[in-house]
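Subject: Structure handover

Hi,

Here is the structure for your files. Please look it over, then read the notes below.

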Amino acid sequence: MLRLPSVRLGGLVVRRASAALSSPVRMASHGNVSLSHSEVSQTVDMSQPMYWDRVDTPLPDRRYKDILTDSEKSLKQKEKGPWAQLSKEEKIALYRMSFLQTFPEMKQRSDEWKTVMGGIFIFLGFTGLLVWWQRIHVYPQRPHTFDPEWQEKQLQRMLDMRISPVEGISSKWDYEKGQWK
Amino acid sequence: FQNFASRLSCIIVCFPAPLASRCYSHGKVETDEEFDSRWVTYFSKPDIDAWELRKGMNTLIGYDLVPEPKILDSALKACRRLDDLASAIRILEAVKEKAGPHKDIYPYLIQELQPTLTELGISTPEELGIDR
């Protein structure tokens, strides 16, 4: 993801990244850091089963947390018994052990479009400034042949020469009456 | 070849041959009941392993349909055999997502699955408060 240098936009990035990552614990597994939305620095061993949050793949190849603490291991043992005995918090903990984001978290809208549109308009504006400078400093003077008086004389000359008399301009001029048809 | 494929799918229960998606004009079209029972059988395998559960679920979610309650029932029981509560909750989230804009499908599914949910002690995402 492109990191824009502006501080304001950087703030947007940080806010968006922290909104997306609701889990405070980033567990390492297989010696690799699980990829977050903002960190792309570590290489990932793609020959190992990977974890990802995808709406169309609800059960990824591996659990999110591979390396469990002792309390998590004991909770996993408790999971082998009747699930009705688990409290709500334990069930949520088990879910978070296996998955990083819930479906609603995955589908969260971000404000990235504002960054994108802002960038587009900034560059369009900058281009507009360039074009305006070019018009002032680069373009030559407006030719005198664009003046209305010259244009009239030019048109009269065209009619006198019978330019395009069949279907073009002279065919539209009524020579007897001296006006347009 | 069609006969061989259908016999093969009967023998090898763990891999459902996608007969319904073949584009033969002369071939047999699988009925909804056959589709449902094929998937119920898939998840009902007593010694199903975690990979098969994941593969089955991901494939099922890939189809352009919301699975019938009996298929999900079978899948949830498979989660129980594998001691995997997280996957069971994930399955409920996934089918809610599959229903898309049709908001009345998911409550119907939960209503149909309620006996199994209480029997196995599975909480819905709503009960756990993770549906926001």
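Chain B and chain A bury about 2,400 Å² between them, with 62% of that on carbon and sulfur atoms. Buried area here is the accessible area (1.4 Å probe) that two parts lose on being put together, summed over both. On the chain B side, B:L85, B:R90 and B:E97 lose the most area to chain A, together 27% of what that side buries.

Some ground rules. This is a predicted model: local features need pLDDT of at least 70, side-chain atom pairs count only at pLDDT 80 or more, and totals for chains, interfaces and linings use all residues. Residues are numbered from 1 along each chain as its sequence is written, chains are lettered from A and ligands numbered from 1 in the order in which they are written, and side-chain values use heavy atoms, with hydrogens and water left out.

**The interface**

The contact (heavy atoms within 4.5 Å) takes 29 residues from chain A and 26 from chain B. The rule finds 2 salt bridges across it. A salt bridge is a side-chain nitrogen of Lys or Arg within 4 Å of a carboxyl oxygen of Asp or Glu. B:E97 pairs this way with A:K107, with the closest N and O atoms 2.8 Å apart. A:D53, B:R90 and B:E93 are linked in a salt-bridge network.

Which helix gives the most to the side of chain B that touches chain A? It is α5(B), with 8 residues. By class, that side has 12 nonpolar, 4 polar and 10 charged residues. Ala, Val, Leu, Ile, Met, Phe, Trp, Tyr, Cys and Pro count as nonpolar; Asp, Glu, Lys and Arg as charged; the others, Gly among them, as polar.

**Salt bridges within chain A**

Over all chains the count comes to 17 salt bridges. A:K76 bonds to A:E79 in one of them, at 3.1 Å between the closest N and O atoms. Both lie in helix α2 (residues 70-79) of chain A, 3 residues apart, about one turn. Helices (H or I, at least four residues) are DSSP runs, numbered from the N terminus. Buried means under 20% relative accessible area, exposed over 50%, partly exposed in between (1.4 Å probe, protein chains only).

A:K78 meets A:E90 in a salt bridge at 3.0 Å, N to O. That pair links distant parts of the chain, helix α2 and helix α3 (residues 88-98), 12 residues apart. A:K78 is partly exposed, at 36% relative accessible area.

Best wishes

Note on methods
Helix = DSSP H or I, 4+ residues; strand = E, 2+ residues; numbered from the N terminus.
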